[in-house]
Amino acid sequence: QVQLVESGGGLVQPGGSLRLSCTHVGSIFNMYVMGWYRQAPGKQRELVATLPGGGRGQYGDSVKGRFTISRDNAKKTVSLQMNSLKPEDTAVYYCYGKESGVEYWGQGTVVTVSS
């Protein structure tokens, strides 16, 4: 089986930073695309960022210039560096992976931006 395991969520003040990490474990050696989505209270799940194994990151408009996605394929890890955090970034963040046309999702990690 394949699992995506997230870490790094927590409480941070507005203007602060957090770094989320996600590692995939199981039978898949490499994911074609990995990334992050988020779902805020009362809202639909939205794209945060995605990154192919050898390509450039794609970001949702609301996080461009503030968040950076990166991958370490040897460690099977995707990370999301979140800077200049705003209260509206508060959400459950879900790690995402896709390989051979199959999508995989992590359990989610909570990010709360509040003073």
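Tutor: A charge sits over a ring if NZ of Lys or CZ of Arg lies within 6 Å of the ring centre and within 35 degrees of the ring normal. The model is predicted, so local features need pLDDT of at least 70 and side-chain atom pairs count only at pLDDT 80 or more, while totals for chains, interfaces and linings use all residues. Residues are numbered from 1 along each chain as its sequence is written, and side-chain values use heavy atoms, with hydrogens and water left out.

Student: Over the ring of which residue does the charged end of Arg45 sit, 3.9 Å from its centre?

Tutor: The charged end of Arg45 sits over the ring of Trp105, 4.8 Å from its centre. The ring at 3.9 Å from the charged end of Arg45 belongs to Tyr94.

Student: How many helices and how many strands does the protein chain have?

Tutor: Helices (H or I, at least four residues) and strands (E, at least two) are DSSP runs, numbered from the N terminus. Along the sequence the pattern reads β-β-β-β-β-β-β-β-β-β-β. The totals for the protein chain are zero helices and 11 strands.

Student: How far apart in sequence are the parts that the pair of Cys22 and Cys95 ties together?

Tutor: The sulfur atoms of Cys22 and Cys95 are 2.0 Å apart, and the two residues form a disulfide (a pair of cysteine sulfur atoms within 2.5 Å). Cys22 belongs to strand 3 (residues 18–26) and Cys95 to strand 9, so the parts tied together are separated in sequence by 73 residues.

Student: What kind of aromatic pair do Tyr37 and Tyr96 form?

Tutor: Rings of Phe, Tyr and Trp (its six-membered ring) pair if their centres lie within 6.5 Å; planes under 30 degrees apart are stacked, over 60 edge-to-face, and the rest tilted. A search of the whole structure finds three such pairs. With 5.3 Å centre to centre and 65 degrees between the planes, the pair of Tyr37 and Tyr96 is edge-to-face.

Student: Which residues do ring pairs link into a cluster?

Tutor: Tyr37 lies in strand 4 (residues 33–39) and Tyr96 in strand 9 (residues 91–99), so their pair ties together parts 59 residues apart in sequence. The cluster linked by ring pairs consists of Tyr37, Tyr96 and Trp105.
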